[in-house]
Amino acid sequence: MAWNIWGHSLPEMETWITSHGFPKFRAKQLQDYLYRRYIFSFDDMTQLPGPMREWLKENAVLEKPVIMSHITSNDGDTTKLLVKLSDGSLVETVCMHHVYGNSICVSTQVGCAMGCIFCASTRNGLERNLTAGEILAQVYAFRELFDAPIHSIVLMGAGEPLTNYDEVLRFIRLVSDPGLLNISLRNITLSTCGIVPMIDRLAAEGLPITLAISLHAPNDTIRNRILPSSRHFKIEDVVAAAHRYFKKTGRRVTFEYILIKDVNASRENAEELCRLVGKMNCHFNLIPINGTEHIKLYPPSWKDVKIFQEILEKHGKSTTVRRQMGDEIQAACGQLKRRYLEKK
Ligand code: SAH
């Protein structure tokens with residue numbers, strides 16, 4: 001069967017190339033065509049000898065996802081892509097254009113099994129895991145559209161990355177590979193709903209990536225209600241795993257906290273949250289919920305967001321309030337895909 005040459009490290013490409021009798025240096029040339037020059041037709045790889053190109057046409061395929069549509073927000077800050085995979089599945093990727101470079105938010109699964117009540121990606125459950133190559137192609141899709149350097153990668157699109165562990169780790173290694181995009185591991189953030197044993201496994205990898213945990217509540221009662229999958233782990237255990245991650249990697253953990261009016265955004269909730277994390281060195285990213293009018297969940301007023309933030313800061317916590325980027329282009333998880341499918 002023809003080998004899909006997209007989505008491999010240089011050593012993997014070398015093994016394949018030499019096992020078919022070609023010299024090792026041809027692997028590097030192939031990688032350069034794919035990942036530096038964006039040449040995806042074997043006929044156009046003119047530095048390779050003719051017979052090798054013919055051989056590649058018969059023995060290799062290039063199964064790379066294609067861009068179906070892309071939209072940019074009015075302010076030009078956010079671009080969102082809908083990417084079609086080789087089996088016809090659709091995934092979303094978002095690029096946030098910052099002054100210091102582009103930040104790309106990739107999906108790790110088609111759909112998601114976690115069932116968070118506010119998230120559009122999970123409404124039809126999990127369809128399948130993405131391969132490392134399919135996650136990587138989301139980043140390259142932006143590379144083909146824009147010249148600006150890619151500064152950071154966030155694994156915060158559709159899916160729960162820690163339930164697709166092996167391919168996600170392969171992706172992280174590929175995207176940080178000097179022969180590919182050479183993204184610094186420190187500029188990669190993985191966001192999880194908090195699967196405790198997998199957080200420990202990730203900590204043991206010794207990769208200096210940033211871990212973000214979707215906490216979204218100060219106690220189990222609220223958390224279980226809005227993140228059904230959280231029933232498997234006590235909130236104290238999730239916080240303890242975050243603490244172990246910090247101790248093991250030296251990387252401060254970010255807690256994501258969606259603010260939902262009348263659900264988790266009161267002063268009492270903020271005080272309880274501070275008691276929960278105690279003196280732990282961590283950062284809070286506060287996210288006023290967006291795009292969920294149909295399930296009647298709303299963000300608090302700006303004043304209440306600021307009050308919540310002030311309480312955390314008073315307790316010495318570092319906080320940011322996430323800027324609402326790309327709201328009008330449905331950049332929040334899964335919303336563009338739902339629109340596209342509903343139109344069809
Ligand atoms: N499964 C992972 C990563 C995907 S979700 C996780 O749970 O972290 C990425 C982030 O987007 C999470 O913090 C999630 O809670 C948030 N999110 C999903 N839907 C949202 C919405 N409607 N408004 C604001 N944030 C949302």
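Residues are numbered from 1 along each chain as its sequence is written. Because the model is predicted, local features need pLDDT of at least 70 and side-chain atom pairs count only at pLDDT 80 or more, while totals for chains, interfaces and linings use all residues, and side-chain values use heavy atoms, with hydrogens and water left out.

**Domains.** Begin by colouring domain 1 (3–61) and domain 2 (66–343), whose bounds come from an automatic or database domain assignment. Their centres, taken over C-alpha atoms, are separated by 35 Å, and the contact between them, meaning heavy atoms within 4.5 Å, takes 11 residues from domain 1 and 12 residues from domain 2.

**Helix α2.** Next select residues 25–35, which form helix α2; helices (H or I, at least four residues) and strands (E, at least two) are DSSP runs, numbered from the N terminus. Eight of the 11 residues of α2 are buried, that is, under 20% relative accessible area with a 1.4 Å probe and protein chains only. Among the buried residues are Arg 26, Leu 30 and Tyr 33, and the cover over the buried residues of α2 includes α1 (10–19), α3 (50–59) and α4 (132–145).

**The ligand.** Now move to the ligand and show the 18 residues around it, of which Ser 191, Ser 214, His 216, Glu 256 and Asn 290 come nearest; a residue belongs here if one of its heavy atoms lies within 4 Å. For polar contacts, which are pairs of N or O atoms within 3.5 Å, look at a polar side-chain atom of Glu 256, 2.9 Å from an oxygen atom of the ligand. On the backbone, an N or O atom of Gly 159 lies 3.0 Å from a ligand nitrogen atom, and a polar atom of Phe 118 is 3.1 Å from a nitrogen atom of the ligand. The protein covers 94% of the 540 Å² of accessible area that the ligand has on its own, an area found by the Shrake-Rupley method with a 1.4 Å probe. Strands β10 (188–192) and β12 (253–259) each give two or more residues to the shell.

**Pro 161.** Finally, select Pro 161 in the loop between β9 (150–155) and α5 (165–175). Pro 161 counts as buried because its relative accessibility is 1%. Leaving aside neighbours within four places in sequence, Pro 161 is in contact with Thr 108, Leu 155, Val 168, Leu 190 and Ser 191.

Key
Buried means under 20% relative accessible area, exposed over 50%, partly exposed in between (1.4 Å probe, protein chains only). A polar contact is a pair of N or O atoms within 3.5 Å; within protein, one must be able to donate a hydrogen and the other to accept it, and residues adjacent in sequence count only if both atoms are side-chain atoms.
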